[in-house]
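Here's a walk through a few spots worth a look in this model. Keep the structure open and follow along.

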Amino acid sequence: MKEKGIAVSLTTPDAIRTLQRKLYTKAKQEPAYRFYALYDKAWRADILMFAYRLVRANKGSPGVDGMNFEDIEQKIGIDKFLSELAQDLKDKTYHPSPVRRVMIPKADGSLRPLGIPTIRDRVAQMAVKLVIEPIFEADFCPNSYGFRPKKSAHDAVDEIANALHQGYTQVIDADLSKYFDSIPHAKLLAVVAERIVDSAILHVIKQWLKAPVIGEDKDGTKKNVGGGKANSTGTPQGGVISPLLANCYLHLLDRIWDRHQLRRKLKARIVRYADDFVVMCRGKTDAPLATVRHVLERLDLTLNESKTHIVDARQESFNFLGFAIRVSKSWKSGKNYQHICPASKSLAKIKDRITQLTARERTPIPLEDIVGSMNASLRGWANYFHYRNSSGVLDKVRIHAEERLRTHLMKRHKVKDRGVGISRFPSQQLYTRYGLYKVPTTAGWKTAHALA
């Protein structure tokens with residue numbers, strides 16, 4: 001990550017790490033202990049500074065106030081910005097601004113609402129998260145992988161592969177209906193209060209949950225589209241604290257599974273990445289599915305029945321975290337193995353992105369900017385999907401990138417004949433002369449874990 005053009009280390013400072021370790025250890029040793037003196041840590045200067053650096057590294061758009069990082073650093077100054085925030089938190093005069101809503105297109109053509117708090121509110125949320133996360137980390141179950149320190153999407157996929165290897169081949173591919181929008185505030189705060197009784201922490205979390213949500217019409221007119229004091233459900237996707245709160249609430253499902261020994265009794269195990277989860281079964285799926293439905297009902301959550309289905313992984317694949325997963329038979333040895341590669345949607349998404357970046361109307365843009373944008377997209381995609389059995393799909397992405405860049409170069413140089421284009425812009429030159437990122441096409445069984 002870079003800050004103002006200078007490489008920045010985001011290693012947690014020793015003093016903060018020591019605090020987190022103490023909180024984690026206390027929570028681990030005393031599962032019933034409730035923490036009461038935490039709020040004064042959230043406005044500590046070192047914690048706020050580190051929170052700012054983390055938020056800045058995540059980049060992100062401005063909130064409703066339109067203020068970006070350059071505005072803060074050049075017009076206000078980081079020290080003044082953070083000292084004013086610290087004073088508001090300390091005096092308990094801090095009030096979050098409304099959340100800015102933007103709509104993000106989904107693969108199926110629908111739109112997903114994303115809530116963007118102001119940078120000031122994101123820093124405050126990050127500071128609180130740095131303090132309270134270790135407490136909940138001590139409680140979370142090992143089958144939960146999403147938005148957790150030192151855990152990744154690849155870890156979750158590895159556990160699924162291990163479960164398939166052990167015969168858990170009947171898969172409930174679950175989908176929750178609008179999970180982030182439907183978390184009930186009262187029950188969520190009750191879950192948080194099982195561990196934290198510091199009223200100031202609970203109050204500020206409640207403020208974030210109740211923040212008004214401001215959207216924009218097509219003509220740019222701003223209007224209130226949700227949230228507010230009367231609102232009793234939902235935590236905006238895009239808030240720094242939201243993934244932790246979402247994990248706290250769905251942890252109840254993991255905890256019931258664990259405490260009632262349902263893995264042994266039902267021969268079923270859950271693998272969860274935030275609100276995405278699968279239930280891997282060794283036998284029939286009726287009882288595990290009924291149990292999941294019952295628990296979710298108690299949590300005021302519902303399964304999306306049209307997107308939840310049962311798959312025999314020996315017969316067909318199921319998608320999880322962008323991967324298509326199934327049990328296949330090796331044509332060499334005849335033995336079963338877990339076949340994991342990028343899902344067709346994941347392939348289509350990167351191909352569409354590369355096609356957009358090399359479109360005809362982009363020929364006036366400097367070529368190095370075109371290639372730079374392509375490389376950023378290709379590198380990010382390959383870092384995540386260069387994993388397990390992805391060689392064939394990676395090869396398709398590499399070929400598509402070459403073809404699109406070549407076509408783009410032909411348009412720039414007004415070359416109409418395809419044969420001439422191939423001889424004038426051969427694949428090797430696309431890399432050596434024009435600097436195209438070469439997508440790796442040999443995927444190892446294991447690669448370095450990439451964060452989702």
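Arginine 398 has a relative accessibility of 18%, so with the cut-off for buried at under 20% it counts as buried. Keep in mind that this is a predicted model. The side chain of arginine 398 meets that of aspartate 395 in a salt bridge, 2.5 Å from N to O. Both sit in helix α16 (residues 391-412), 3 residues apart, or about one turn of the helix. Aspartate 395, at 25% relative accessible area, is partly exposed.

That's one of 20 salt bridges in the structure.

Glutamate 70 and arginine 56 form a salt bridge, with their closest N and O atoms 3.6 Å apart. Glutamate 70 belongs to helix α4 (residues 69-76) and arginine 56 to helix α3 (residues 45-57). Arginine 56 is buried at 11%, whereas glutamate 70 is partly exposed at 39%.

Next, a loop: asparagine 143 lies between α6 (119-137) and α7 (153-165). It's buried, at 13% relative accessibility, and its contacts beyond four places in sequence are Glu159, Asp254, Ile270, Val271 and Arg272.

Finally, look at the open antiparallel sheet of 3 strands, ordered β11-β12-β13. Its edges are β11 (318-320) and β13 (336-342), and the twist averages 35 degrees from one strand to the next. Between β11 and β12 (residues 323-329) there are 3 bridges; phenylalanine 318 has isoleucine 325 in β12 as its bridge partner.

Technical notes
Residues are numbered from 1 along each chain as its sequence is written. This is a predicted model: local features need pLDDT of at least 70, side-chain atom pairs count only at pLDDT 80 or more; totals for chains, interfaces and linings use all residues. Side-chain values use heavy atoms; hydrogens and water are left out. Helices (H or I, at least four residues) and strands (E, at least two) are DSSP runs, numbered from the N terminus. Buried means under 20% relative accessible area, exposed over 50%, partly exposed in between (1.4 Å probe, protein chains only). Contact means heavy atoms within 4.5 Å. Two strands pair if DSSP finds at least two bridges between them. Axes are lines fitted to C-alpha atoms, for helices over the stretch in contact, and angles run from 0 to 180 degrees between N-to-C directions. A salt bridge is a side-chain nitrogen of Lys or Arg within 4 Å of a carboxyl oxygen of Asp or Glu.
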